[in-house]
Amino acid sequence: MRSKNAPNVKYLPKDKFTEAIIFAGADAFAHAQHWIESEGRKAGDDIPPVYLGKKQLVELETLNIVDGGRQCARVIRAGEIGEAYLTLIARKLAIAGVKEARLFNGMYEPKPAEDWSPRLPGYREEAERGESIVINLPVTKREPKADPADELKPRVESRNDGLYWITPKVDKDSGEIINNETWLCSPLEVVGSGSDGAERYLVLRWRSPRGHEDITRAIPCADIGERDGWRSLKAGGVNVTTKSTFRAILADWLQQSGADQEWIITHTTGWHHGAYIMPDGEVIGDPATPILFNGRSAASSGYAIAGTATTWRDSVARLAGGNPSMMLGVAAALSAPLIGLVGADGFGVHLFEQSSAGKTTTANIASSLWGEPDALRLTWYGTALGIANEAEAHNDSLLPLDEVGQGSSAKDVATSAYTLFNGAGKLQGAKEGGNRELKRWRTVAISTGEMDIETFLAAGGLKVKAGQLVRLLNIPMEKSTVFNGLPNGKAHADALKEAWIDNHGAAGREWVKWLAANQQEAKQAVRDAQTRWRGLIPADYGEQVHRVAERFAILEAALVTGASITGWGEQASRDAIQHSFNAWVKEFGTGNKEHQQIIEQCEAFLNAYGLSRFAPLPYDPSSMPIRDLAGYRKRKSSHDDAPLVFYTFPATFEKEIAQGFNARQFARVLAAAGLLSEPSSGRGYQQKSPRIDGRQINVYVLHQVAEEGEE
Ligand SMILES: Nc1ncnc2c1ncn2[C@@H]1O[C@H](COP(=O)(O)OP(=O)(O)OP(=O)(O)O)[C@@H](O)[C@H]1O
Ligand SMILES: [Mg+2]
């Protein structure tokens, strides 16, 4: 029989005599959450209780509600629940071997409402005698019932080894019914249908080919019976008959199924209706309608759990504490699910430094909140589609990216960064015409490299737009100096590695649970941090510095509110973020990066070609011709070292000097800096040149930068 664990069964304590706490009823999730925060915390108990909410009750028959060998259990009524469910819970406990079970009418009830213990042996015997434990639940699945009148009807039957098409016939001579059976496909269950807002889907479940887990997947209704639909099933491990007549029968049956349960289908992870979807499809929280994530990340198997949130805090976080870069990494990991709640944009943190500074160690510490660090890392993609799919599969979550420069070209990094931080993919043409919904995402990326992104791209002949640098924060990695009990940096790095191998995945989930239950508090923390940071940044700093400060505010809010996850003090957390911000400002400058870039680019051109590609005035037609003439030059006055004026051809200005920028914007910035003369009248920035060979032409008038102290 296929069965899976109810939420938190896997966290039940190893000691089988410890009582399992099970919340059951419509509000089970909320009550369980409350228990963790109040009763559990008071008692020093950090084991999350099992909960059986609406979603779990629907599939109660197939769920394990305690682990094998558990001796006692306390069932706590949490909101509405029918008697039939309670009986089924009692029977399931009995079958699992529980010896003592009691029902409480609420978590604060001092005495049990019912003691089930005396009933348990009876239930157990019944089950051992093979008597059915199937009880008619208020929500029943449509089972193909063998109604005698239907005995002669052709039908699809679901068996242990697959779906069969049964065509009964009465034997003429004996009068016996002979069932002709044809195999249609390997075992497959229709668990409902749903919509992603645009299309209808059928939700199917089957056992993975290795038999370890159930795979639940949504197939577009439009694909049922079509090549694409069969292909998705087969790719997922369902064997399907190759005979077209029987495929048609299977397709018809599928189309008639799935009316019982409505699902929400989504292509992005993260927050949906108060629940949070992990990149591997795990749903944290209890949405009113079941949600299915129908995308996949290449790294989904990395979202594994080892140890608990507490063991992570006492090992990884304890070791990393006091080291600003490492704390920043953790802040990025905590920010990922927070940005979605507060509606902030995604961003990335790029840590750069020479080899062996601990960059990979830091990125792995951040990843270890969510899973197994090495398995979670993705590459800088060379295709926008590759990164767009991963971005959708990492919405509201941390996206750890490969080391920049190792196997990734400048172009890959530029493509990925642009797609990632642009927030949405291009409109995609859908098969049946029309446009598919825009892909959207919001992720927090963490990457590392020996160079900052700008230098790396420049080395590859590409230029970063200043807007991108605001989204991808270049922060010099700071070597760890606080070794928390270890003798040196190497031992510290090695201890961290050992720590995350045994402790990963639980802390991030714990953080999401906290966020789900404390959304208002989290939002308020971000607002407060942003107000504080706004007050901190001097008003005359560039607009982009102010925008980046908003991101640091989020990082700070995440770290401060995540104190119970990290165990780090409030001041230490603030200091780490402030420290990282200072390091960022030192790299970026306090001005407006875009303006700086424009001025530098113009100066660089004039320095390189000012003399070689601009012909001196007055023009002498008999002089040597100049290749790639860019314009004309003249001294401002007769003085020998008076600054030069460059009458630049529009084509050279727009295509070469302003390359990579909007020429108008480029000219505006130069004019504001006094490097370009603004015409006294008219629009645009072009002017008439002095008479050259009797003619006046349109030019941009650029001025040589005065050397320091000359003016
Ligand atoms: N603070 C430190 N002091 C001394 N050695 C360190 C420190 N941090 C890391 N190391 C050493 O560097 C090794 C590599 O660490 P890590 O992979 O994190 O560095 P990295 O910056 O990613 O280097 P690379 O650029 O080579 O990938 C560690 O195993 C450790 O030996
Ligand atoms: Mg490295």
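Q: Is the crossing of α7 and α16 left-handed or right-handed?

A: In this predicted model, the crossing of α7 and α16 is left-handed.

Q: What else describes how α7 and α16 pack?

A: Two packed helices are described by the angle between their axes and the distance between the axes. Here the axes of α7 (residues 309–320) and α16 come within 7 Å and cross at roughly 120 degrees. That angle makes α7 oblique to α16.

Q: Which residues make the contact of α7 with α16?

A: Helix α7 supplies Ala 309, Trp 312 and Arg 313, and α16 supplies Ala 506, Ala 507 and Glu 510. Sorted by class, this contact has four nonpolar, no polar and two charged residues.

Q: At what angle do α8 and α16 pack, and how far apart are their axes?

A: Helix α8 (residues 324–342) packs on α16 (residues 506–517) at an angle of about 25 degrees, and the axes are 10 Å apart. Because angles under 35 degrees count as roughly parallel, α8 is described as roughly parallel to α16. The crossing of α8 and α16 is right-handed.

Q: Which residues of α8 and α16 form that contact?

A: An α-helix has 3.6 residues a turn, so residues three or four places apart point the same way. On the α8 side, the contact is made by Ala 333, Leu 334, Pro 337, Leu 338 and Leu 341. On the α16 side, Gly 508, Trp 511, Val 512 and Leu 515 take part. The class count for α8 with α16 is eight nonpolar, one polar and no charged residues.

Q: Which residues come nearest to ligand 1?

A: The shell around ligand 1 holds 14 residues, of which Gly 358, Lys 359, Thr 360, Thr 361 and Gly 489 come nearest. Two elements, α9 (359–367) and α15 (489–502), each give two or more residues to this shell. By class, the shell has two nonpolar, seven polar and five charged residues.

Q: Why is α9 described as largely enclosed by the rest of the structure?

A: Eight of the nine residues of α9 are buried, so the helix is largely enclosed.

Q: Does Gln 696 count as buried or exposed?

A: Gln 696 has 11 C-beta neighbours inside 10 Å and therefore counts as exposed, since the cut-off for exposed is 12 or fewer. Gln 696 is found in the loop between β26 (687–688) and β27 (698–703). Leaving out residues up to four places away in sequence, Gln 696 touches Lys 688, Ser 689 and Arg 691.

Methods
Residues are numbered from 1 along each chain as its sequence is written. Chains are lettered from A and ligands numbered from 1 in the order in which they are written. This is a predicted model: local features need pLDDT of at least 70, side-chain atom pairs count only at pLDDT 80 or more; totals for chains, interfaces and linings use all residues. A residue is near a molecule or strand if its C-beta atom, placed from the backbone, lies within 6 Å of it. Helices (H or I, at least four residues) and strands (E, at least two) are DSSP runs, numbered from the N terminus. Ala, Val, Leu, Ile, Met, Phe, Trp, Tyr, Cys and Pro count as nonpolar, Asp, Glu, Lys and Arg as charged, and the others, Gly among them, as polar. Axes are lines fitted to C-alpha atoms, for helices over the stretch in contact, and angles run from 0 to 180 degrees between N-to-C directions. Angles under 35 degrees count as roughly parallel, over 145 as roughly antiparallel, 65 to 115 as roughly perpendicular and the rest as oblique. A crossing is left-handed if the near helix is turned anticlockwise from the far one by less than a right angle, and right-handed if clockwise. Two residues are in contact if their C-beta atoms, placed from the backbone, lie within 7 Å. A residue is buried if 20 or more other C-beta atoms lie within 10 Å of its own, exposed if 12 or fewer, and partly exposed in between; C-beta atoms are placed from the backbone.
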